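Okay, thanks for coming, everyone. I'd like to walk you through a fold, so let me put it on the screen.

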Amino acid sequence: MVVERLVIVIVIVVAVGIIAMVTRSRRTADAPTQRKFAVPQQLDRADFARPDAPWLVAVFSSSTCQVCQGVVDKAKVLDTAEVAVVEVEYVADRALHERYSIEAVPTVVVADANGVNRAGFIGPMSATDLWAAVAEARQPGSSPEPNLGQG
């Protein structure tokens, strides 16, 4: 009787082990995480027009992008003696898109005199959000939403 119980326990343990191995082998690996598009954190101001302007709004765009022209139009309103607005169109300026690893358009970078990213956007944004982000970068505390364009 004891031997029979021992045999039954051994059979059950072996069966559970086999089931566990089969289940483990059937598991599929998780899908790899997808890389998130990124706004460049630093620009070389010499790569863009008016490097002497205290602020730069660089709009990376493409002529095939339907949304890009609207973003360029919103940014152009900001062009002043203090703020240089530059469109970096993919066909015309492919080297800059590659240099800054631009993978999605429109991408907007608001950079200070040293080229440090102070705000940025990927994709469409409202004129109000863009203008407020530039205002906040230029004068911290001036926007009711100080984190616009911060990620």
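Before anything else, a word on burial: buried means under 20% relative accessible area, exposed means over 50%, and partly exposed is in between, with a 1.4 Å probe and protein chains only. By that rule Ser101, at 42% relative accessibility, counts as partly exposed. Keep in mind that this is a predicted model, where local features need pLDDT of at least 70, side-chain atom pairs count only at pLDDT 80 or more, and totals for chains, interfaces and linings use all residues. Numbering starts from 1 along each chain as its sequence is written, and side-chain values use heavy atoms, leaving out hydrogens and water.

Helices (H or I, at least four residues) and strands (E, at least two) are DSSP runs, numbered from the N terminus, and two strands pair if DSSP finds at least two bridges between them. Here 4 strands make an open sheet, in the order E2-E1-E3-E4, with mixed pairing. At the edges sit E2 (83–89) and E4 (117–122), each pairing on one side only. From one strand to the next, the twist averages 15 degrees.

Now look at E1, residues 55–61, which pairs with E2 in the parallel sense over 7 bridges. Across from Phe60 you'll find Val88 in E2, and across from Ser61 there's Glu89 in E2. How many of the residues of E1 are buried? It's 7 of 7. Trp55, Val57, Val59 and Ser61 point one way, while Leu56, Ala58 and Phe60 point the other.

What about the core? A nonpolar core is a set of buried Ala, Val, Leu, Ile, Met, Phe, Trp, Tyr and Cys residues joined through side-chain atoms within 4.5 Å. The largest one has 18 residues, and those with the most contacts inside it include Val57, Val59 and Val110. Two or more residues each come from E1, H2, E2, E3, E4 and H4, and H4 gives the most, with 4. There's another core apart from that one, of 15 residues, with Phe48, Leu56, Val86 and Val109 among them. As a general point, nonpolar side chains in soluble globular proteins tend to be buried together.

On to aromatics. Rings of Phe, Tyr and Trp (its six-membered ring) pair if their centres lie within 6.5 Å. Searching the whole structure turns up 3 aromatic pairs, and Phe48, Phe60 and Tyr100 form one cluster.

Next, a residue I'd like you to zoom in on: Asp112, in the loop between E3 and E4. Is Asp112 buried or exposed? Buried, because its relative accessibility is 8%. A polar atom of its side chain lies 3.0 Å from the backbone nitrogen of Val116. Taking contact as heavy atoms within 4.5 Å, and leaving aside neighbours within four places in sequence, Asp112 touches Arg45, Pro54, Trp55 and Arg118.

The peptide bond from Val105 to Pro106 is cis, with omega near -5 degrees, and Pro106 sits in the loop between H3 (94–99) and E3. Back to Ser101, which is in the loop between H3 and E3: its phi is positive, about 50 degrees, although it is not a glycine. Arg50 also has a positive phi, near 55 degrees, and lies in the loop between H1 (2–26) and E1. Arg50 counts as partly exposed because its relative accessibility is 31%.

Note on methods. Axes are lines fitted to C-alpha atoms, for helices over the stretch in contact, and angles run from 0 to 180 degrees between N-to-C directions. Rings of Phe, Tyr and Trp (its six-membered ring) pair if their centres lie within 6.5 Å; planes under 30 degrees apart count as stacked, over 60 as edge-to-face and the rest as tilted. A polar contact is a pair of N or O atoms within 3.5 Å; within protein, one must be able to donate a hydrogen and the other to accept it, and residues adjacent in sequence count only if both atoms are side-chain atoms.
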